Amino acid sequence: MSTGNADGMGNVRKEELYLASIVLKVPQKQVKVLDHPDLQDGFGKSWNSKLLSKIIKEEIVNCAIDLVITFDNYGVSGHCNHQDVHQGVIKLLQDTSHKEVEAWELVSTNILRKYSGPVDIWLSLLSAKFHLSGVVHCLLNEHPRRSLAAMAQHKSQWVWFRKLFVSFSSYTYVNCLKKIN
């Protein structure tokens, strides 16, 4: 939804995203980075859910998208822009004309699980099996080293604590998606 220009590095971060997509074998034509003046990256910079909903709707129509994956209301790390994107998708789903779009949210985990690495695979599978409020699917990453290589393409952000985060993050190994009703 943005170039990630919070530190004035938007163009660099945009190129890093394209490099990461190559590592992940995502065709560059399927990667789109927005630079909307009202969607500038940064803590304390709130994004309007109506604007996000409008942009997402346009992409759904233009690209014949029938499934959207977004953050949950916590946004994995508590980042306000991640939370805003979630609210934009919720706003879109409230529009009755887009009921044909299926939406799923990435389930945020607590701090202990977040940094338990591959151990969280078992906890995620158990949690999904016994989840009481809706459908949850766990996706196992068969290529965690590829994920590390993709993250390493983000050289402007690839500092020691991010290297540790990606190495020990359960999100590198397993992600649970909950269907948004």
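**Exercise 1. In which loop does Y115 lie, and is this residue buried or exposed, or in between?**

The model is predicted, so local features need pLDDT of at least 70 and side-chain atom pairs count only at pLDDT 80 or more, while totals for chains, interfaces and linings use all residues. Residues are numbered from 1 along each chain as its sequence is written, and side-chain values use heavy atoms, with hydrogens and water left out.

Step 1. Y115 is found in the loop between helix 5 and helix 6 (120–129), where helices are DSSP runs of H or I with at least four residues, numbered from the N terminus.

Step 2. Y115 counts as partly exposed because its relative accessibility is 37%, given that buried means under 20% relative accessible area, exposed over 50%, and partly exposed in between (1.4 Å probe, protein chains only).

**Exercise 2. Find where M151 lies and which residues it contacts.**

Step 1. M151 belongs to helix 7, which covers residues 144–152.

Step 2. With a relative accessible area of 32%, M151 is partly exposed.

Step 3. Once neighbours within four places in sequence are left aside, M151 is in contact with W158 and V166, contact meaning heavy atoms within 4.5 Å.

Step 4. Y18 stands 133 residues from M151 along the chain, and the C-alpha atoms of these two residues are separated by 11 Å.

**Exercise 3. Decide whether D120 is buried or exposed, and list its contacts.**

Step 1. D120 is located in helix 6.

Step 2. Its relative accessible area is 1%, and therefore D120 is buried.

Step 3. Not counting residues up to four places away in sequence, D120 touches R113, S170 and V174.

Note on methods: Helices (H or I, at least four residues) and strands (E, at least two) are DSSP runs, numbered from the N terminus.
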